[in-house]
Amino acid sequence: MSSCREALRIAPGNPGLIAVYVSLLQNVGDLREAERLARETLERHAADRQLLQVLLLTLNYIPGANPEEIVGLHRRFGAAVAAEFPPHQVRAHANPRPLGGRKLRIGYISPDLRQHSVTYFLEPLLAAHDRERFEVFAYFTAKAADATTARLQRLPLKWRDLAASDDEQAAAVVSGDNLDLLVELTGLTSFNRLGVMARKPARVQATYIGYPNTTGLPQIDYRIVDSVTDPAGSERLAVERLARLPACFLCYRPVDGAPDVAPPPSAAGAPITFGSFNNSAKLTEPVVRLWKRLLDTVPGSRLVIKSQQFKCAWLKQNYQDRFAAAGAGPDRVEVLGPVTEKGGHLDAYRRIDIGLDPFPYNGTTTTCEAMWMGVPIVALMGAVHAGRVSASLLTAAGVPELIARDEDDYVRIAAGLAGDAARLRELRSTLRERVRSGLCDAGRFTRGLEAAYVQMISG
C-alpha cells in the first residue's frame, strides 16, 4: 500500500495504479474508501474495465449496496469487455446440433485449477461426470500449477494449457474443440478470462462457482445457482438466465487427511469460544458490532478470528484495534494469522465451539470446512446470492435452524447454542456425517447438474 501511494504521487490519477490501490483497500477491509476512490476515478475513466472490476468486487462486501445499481454496473463492465476487441471476433454459431446418442462436449475454463477454493467444489463433478454421455475438457489459464493441478490432470478429461495464450488465441482453441457448453469458473475475480467468453467460442456458455454475482456479459447464457441462493425474483439481478439446480448448487470435496473431529472446547471447561476463519474483507463494521453484541450477550465468551491476510502484522493489529474500538479488547478477541503446517488450518477449529458467518458476503469453503470439523455455523440470510450461500449449505446439511432472519435472530441462535451444551455435543458428533450426506454425494449431484446441462444445450 505504501509503494502504491508513492507510485500515485509520481503518477497521480493513473487509473491502473488506482485500480491496484482500490483492490488493496478492499483487501484490508477499508471498503468505503475503496468504493469512494473507484467511483471518483470512474468519473474520469468511465469505460476502464479494471476499475469497474475492482469496484464491483468491492460492492459485493458492502452492507446495503443497491442490487439494481450493481447489476447495471455489471452490464457496463460487460460492455467494457466487449469494447476491447473487434466485433468480427465474436463467433457465430449455428442452431443447436441434434443431441441424438452422441456424447456432449463440456468444457471448464479457469485459472484456479490448482489449490484454490474453487477446486473443492469443481473436482467432485470433474471426477463424477458420466463419461458414456459427456466428453470433458479443462482449460487451465494460469501459469502456476501445483499438486492439485497434477491430480486434476490425471482425471479422464482433455486438458488444455492456455496460460500463454491471449484471449483471441484461447478462444480459437476452445472453438476448435467444438463444445456444446463452456462453463467459466471465475467471474470478475483475479485472472479471469472473460475476454474469451465474450468472443463466444461455444454456442452455449455458463458461469459457475467462482463469483457470487452476474458477470454482466450477454455472451454468457446461464448462471448456475439454486432456489435458496437465488429465489424467484432474482432474475432481475442477472444478465444471464438462472439455471437453478434441484438442491444446493455446490458439491464439496473435503481435504484429504482432515483431522478427526474433537469435542467442543467448552466441554472441557473452557469459555464458550465463537470463531470465524474468513477473508478479512468480509469482517465489515456491522459484523464487528454484531459480534461484540453477541460477546456481551454471552458473559465470559471469547472470539477467535483467523484469516490468510493476517500474515501481515499491520493488518492483524488493525483488526485487533477495530474490535477494541467497538469495546471488545484482546482479552475477548484473538486474531490469528494463517497456519501453514499440514492439517493446521483445519485443526484450529478445535479451538471453536460455534462458528460465526460474516455478512453481507458469506463464507463458502470456510462454512463447509467448519461443519466438516463439527463446528456449527450461524449465518444471516441476506438479500442476494453472496449473502445466501451459507443458507444453502446449511439447508443441504440439514441444519436450517442455524439460519438467522435478522441480527436479533442471529444473536438469539448463537447465544442459544452457547447455553446448550448437549446440543453443541450432538452437533459436534453429527455434522461431519450430515455434510457427507448432504454436500458430498458427487454422483447424485453430478447427475442433477448434467440434467441441467442437457436442458441448457437443448434450449
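This is a predicted model: local features need pLDDT of at least 70, side-chain atom pairs count only at pLDDT 80 or more; totals for chains, interfaces and linings use all residues.

Biologist: Which residues of α5 are buried?

Modeller: I70, V71, L73, H74, F77, G78, A80 and V81 are buried in α5. They cover an arc of only 165° around the axis, which puts them on the same side of α5.

Biologist: And what do those buried residues pack against?

Modeller: The buried residues of α5 pack against α3 (31-42), α4 (49-59) and α9 (194-198).

Biologist: How far apart are the end C-alpha atoms of α5?

Modeller: They are 23 Å apart. Helix α5 has 16 residues, 67-82, so at 1.5 Å a residue it should span 22 Å, and the two values agree.

Biologist: What sits at the start of α5?

Modeller: N66 does: one of its side-chain oxygens comes within 2.8 Å of the backbone nitrogen of E68.

Biologist: Switching to the sheet. What is the strand order?

Modeller: It runs β10-β9-β8-β11-β12-β13, an open sheet of six strands with parallel pairing. The edge strands are β10 and β13 (403-404), and each pairs on one side only.

Biologist: How many bridges join β9 and β10?

Modeller: Four, between residues 302-306 of β9 and 333-336 of β10. L303 stands opposite V333 in β10. With helix α11 (residues 313-325), β9 and β10 make a right-handed β-α-β unit.

Biologist: And how many for β11 and β12?

Modeller: Two bridges, in the parallel sense, link β11 (residues 354-356) to β12 (residues 377-380). L356 has V378 in β12 as its bridge partner.

Notes: Residues are numbered from 1 along each chain as its sequence is written. Side-chain values use heavy atoms; hydrogens and water are left out. The expected span of a helix is 1.5 Å times one less than its number of residues. Buried means under 20% relative accessible area, exposed over 50%, partly exposed in between (1.4 Å probe, protein chains only). The arc is that of the directions from the helix axis to the C-beta atoms. Contact means heavy atoms within 4.5 Å. A polar contact is a pair of N or O atoms within 3.5 Å; within protein, one must be able to donate a hydrogen and the other to accept it, and residues adjacent in sequence count only if both atoms are side-chain atoms. Two strands pair if DSSP finds at least two bridges between them. A crossover is right-handed if, with the strands pointing away from the viewer, the path from the first strand over the helix to the second runs clockwise.
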